[in-house]
Amino acid sequence: MILVTGGAGFIGANFVLEWLRSTSEPVVNVDKLTYAGNLGSLRSLQGDDRHKFVQADICDRQVVDDLLATFQPRAVLHFAAESHVDRSIHGPAEFVQTNVVGTFTLLEAAKAYFVSLPAERREAFRFLHVSTDEVYGSLGPADPAFTETTPYAPNSPYSASKAGSDHLVRAYFHTYGLPVLTTNCSNNYGPLQFPEKLIPLMIDNALSGKPLPVYGDGQNIRDWLYVADHCSAIREVLANGAAGETYNVGGCNEKSNLEVVHTLCDLLDELKPAPKGSYRELIQFVTDRPGHDRRYAIDAGKIMGSLGWRPMETFETGLRKTVEWYLANQDWVNGVKSGDYRKWVELNYADRSAGVA
Ligand code: NAD
Ligand code: TDX
C-alpha cells in the first residue's frame, strides 16, 4: 500500500491511474478536493477496491495519523499543493497553509509513524516529496540549466512556499533520519490538467473562439515535460532513489511561451480547424505577470545517469497527444469549468466526511 496526497489533481491523478494500470499494489488517495481536485478524473477506478479515496486536508494531523495507522503504507507520495502561480499572487495565504503547514504536518505524522515501524519496515519506508524547478528562481539566456546544487531563489509566493516545504523535507532527513526523496520537476502538461494553466487554457480558449492571453512579450521560457514522463520519474525515484537525495526532472524541451502557443494553434488548425482563419489570430499580448520568471531549464543528468530514467515523449509527440486528449474529452473540460463534476462526486462518494470512503 502507498499513500498518495493530492491524487485528485492533475499530476496525482495521472500517477494513480498509471500506478494501478501497472501494479497490483493498492493506493490510499488523500485529497481535500479544492477547486483543483476532481474525482471525475479517477472515474475509471470506480469499483476498483485497490483505490481508497479519502477526502481530507493534509493540515489535519489527526486524520493523517489515523490514515497512516489504518493503512500502514510503505511510502507516502506527496503531490498535494496549491499549484498555480497567478493564484498565489492574489491570495498567498492558502499557499503557505497547504504547501508549508500541510507538508510540515505530513512530515510530523510520517516521523511518528516511521519510528513506530518494526526495523525491517523502517528500512523500506520512503517519503517522496514532489516539488518544482521554480524554487531555483529565474535564469538568464546564457545561464546553465538548474542542477540539484543550484542555490534556491524563489520569486513568487508559490515558489517560496514550495521552497519552504523542500527545506523542511531536507531537515527531517538530516535531523530525524526520515528517509525522504525530493523531485524538482519542470512544467508538466498532458491530460487532466486544470484549464487555468497555459496549455489547457489556450486549447480551451481557442476552441471557444476566445482571445489567447500571452503575458508580456511571450518570450519567457519554460522546460516542458509530458506528465506520464514525470510519473515514470517518480516511480523510478521511489524504487531506486537514495534516501536524502533530490532529483531534478525535465524533458529538455525549452520553449518560449509564444512558441508553445503557436505550436498549439497549428495543431488545432490541423485537427479541428476554426470556422475561419487560423487560431493564431486569437493571440493577444496582455499585461505581464508580476515578478514573472524569465527562464527555467532543468539539467536532468543526475536522474538519467544514476537511475537510467529517460522521457518517452518529445514536445511534439506529447503536445499532439495532449491536444487529441482535450478534443476527445470536452465533457471533462466542461465539467471542470461548470463544477458539474462536483455533482458526480456527491452521487458517487456519498461518505465524504473526513473518514475512509
Ligand atoms: P493541482 O493543483 O492540479 O492538484 C493539487 C491537488 O492537491 C488537488 O487535487 C487539490 O485538491 C489537492 N490539495 C490542495 N490542497 C490540499 C490540502 N490542504 N489537503 C489535501 N489535498 C489538497 O497540482 P498539480 O499540477 O497536479 O501538482 C502536483 C504537485 O506537483 C504539486 O506539489 C506541484 O507543486 C508539483 N509540480 C507541479 C508542476 C506542474 O507543472 N503542474 C511542475 C512541477 C511540480
Ligand atoms: O494565460 C496565460 N498566459 C501566459 O502567458 C497563462 C496561464 C500563463 N502564461 C505564461 C506564464 C508562464 O510563463 O505561461 C507560462 C506557464 O504558465 P503556467 O501554466 O501558469 O505555469 P508556471 O507559472 O510556469 O508554473 C507551472 O510550472 C511549474 C505550474 O503551475 C507549477 O505548479 C509548477 O511548479
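Two elements, α7 (198–207) and β8 (212–215), each supply at least two residues of the shell around ligand 2. The largest share, three residues, comes from β8. The model is predicted. The protein has 13 helices and 13 strands.

**Ligand 2**
- The shell around ligand 2 holds 16 residues.
- Ser-83, Thr-132, Lys-197, Leu-198 and Tyr-215 are the closest of them.
- By class, this shell has six nonpolar, six polar and four charged residues.

**Ligand 1**
- Around ligand 1 there are 31 residues.
- Those that come nearest are Gly-6, Gly-9, Ala-36, Gly-37 and Ala-81.
- The shell around ligand 1 divides into 13 nonpolar, 13 polar and five charged residues.

**Overall dimensions**
- The protein has a radius of gyration of 20 Å, which agrees with the value near 21 Å that a compact globule of 357 residues would have.
- Along the principal axes, the C-alpha atoms fill a box of roughly 65 × 50 × 35 Å.

**Helix α4 against α6**
- Two packed helices are described by the angle between their axes and the distance between the axes.
- The axes of α4 and α6 (residues 157–176) cross at roughly 15 degrees. They come within 8 Å.
- The two helices are therefore roughly parallel to each other, as angles under 35 degrees count as roughly parallel.
- α4 passes α6 in a right-handed crossing.
- On the α4 side, the contact is made by Phe-95, Val-96, Asn-99, Val-100, Thr-103, Phe-104, Leu-107 and Lys-111.
- On the α6 side, the residues are Pro-157, Tyr-158, Ser-161, Lys-162, Gly-164, Ser-165, Leu-168, Val-169, Tyr-172 and Tyr-176.
- By class, the contact of α4 with α6 has eleven nonpolar, five polar and two charged residues.

**Helix α4 against α2**
- α4 also packs with α2 (residues 61–71), at an angle of about 35 degrees. The axes of α2 and α4 are 9 Å apart.
- The crossing of α2 and α4 is right-handed.
- From α2, the contact residues are Arg-61, Val-64, Asp-65 and Leu-68.
- They meet Thr-105, Leu-106, Glu-108, Ala-109 and Tyr-113 in α4.
- Sorted by class, the contact of α2 with α4 has five nonpolar, one polar and three charged residues.

**Helix α9 against α11**
- α9 (residues 257–271) and α11 (residues 315–328) pack at an angle of about 55 degrees. Their axes lie 10 Å apart.
- That angle makes α9 oblique to α11.
- α9 passes α11 in a right-handed crossing.
- In α9, the contact residues are Thr-263, Leu-264, Leu-267, Leu-268 and Leu-271.
- In α11, their partners are Leu-319, Arg-320, Val-323, Glu-324 and Leu-327.
- The contact of α9 with α11 comprises seven nonpolar, one polar and two charged residues.

Key. Residues numbered from 1 in each chain as written. Chains lettered and ligands numbered in written order. Predicted model: local features only at pLDDT ≥ 70, side-chain atom pairs only at ≥ 80, totals over all residues. Axes fitted to C-alpha atoms, helices over the stretch in contact; angles between N-to-C directions. Helix = DSSP H or I, 4+ residues; strand = E, 2+ residues; numbered from the N terminus. Parallel < 35°, antiparallel > 145°, perpendicular 65-115°, else oblique. Left-handed = near helix turned anticlockwise from the far one by under 90°. Contact = placed C-beta atoms within 7 Å. Nonpolar A, V, L, I, M, F, W, Y, C, P; charged D, E, K, R; others polar. Near = placed C-beta within 6 Å. Rg over C-alpha atoms; globule rule 2.2 N^0.38 Å.
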